[in-house]
Amino acid sequence: QVQLVESGGGLVQPGGSLKLSCKGSGNIFSIKIMGWYRQTPGNQRELVATITTSGATNYADSVKGRFTISRDNAKNAVYLQMDSLEPEDTAVYYCYADLLRTNGDILENMDYWGEGTLVTVSA
């Protein structure tokens with residue numbers, strides 16, 4: 001079984017910073033893409049940032065220049081450094097992985113999500 005476990009959410013004042021972490025465990029063979037999405041009540045889950053194995057990144061326009069995604073392939077981990085936080089960044093943040101998992105002698109391409117971590121930006 002594969003699990004993605006996030007940590008690092010919490011309450012921060014506008015203009016402050018937080019760093020989210022996500023670590024994958026279980027029968028992971030390799031992870032192609034890791035990323036972060038976020039969701040607020042009544043809205044669809046939206047892309048925040050993704051990063052490939054080679055380090056190519058993609059950001060939502062709303063976070064460019066403020067958020068930085070990085071990963072540690074050896075640890076199956078992805079991080080999101082969030083600076084200059086705004087109240088509009090308040091959301092549940094979900095870790096995502098597009099990965100190959102082992103199933104006996106077979107490799108299976110699967111998408112996995114973490115359970116989410118709440119980020120609240122408020123004075």
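This is a predicted model: local features need pLDDT of at least 70, side-chain atom pairs count only at pLDDT 80 or more; totals for chains, interfaces and linings use all residues.
View 1. The protein chain holds 0 helices and 11 strands (DSSP runs numbered from the N terminus; helices are H or I, at least four residues, and strands are E, at least two). The radius of gyration is 15 Å, close to the 14 Å of the globule rule for 123 residues, so the chain is as compact as a globular protein of that length. That radius is taken over C-alpha atoms, and the rule is 2.2 Å times the number of residues to the power 0.38. The C-alpha atoms fill a box of roughly 55 × 25 × 20 Å along the principal axes.

**View 2. Side chains alternate along strand E11.** The strand spans residues 117–121. Thr-117, Val-119 and Val-121 point to one face and are buried (under 20% relative accessible area, 1.4 Å probe, protein chains only). Across the protein chain, 39% of the 123 residues count as buried.

**View 3. Strand E2 pairs with E11.** E2 covers residues 10–12 and runs parallel to E11 over 3 bridges (pairing needs at least two DSSP bridges between the strands). Val-12 stands opposite Val-121.

**View 4. Strand E9 also joins E11.** E9 covers residues 91–103 and runs antiparallel to E11, with 3 bridges. Here Val-92 stands opposite Leu-118.

**Notes.** Residues are numbered from 1 along each chain as its sequence is written, and side-chain values use heavy atoms, without hydrogens and water. Local features need pLDDT of at least 70 and side-chain atom pairs pLDDT 80 or more, while totals for chains, interfaces and linings use all residues.

Terms used:
Buried means under 20% relative accessible area, exposed over 50%, partly exposed in between (1.4 Å probe, protein chains only).
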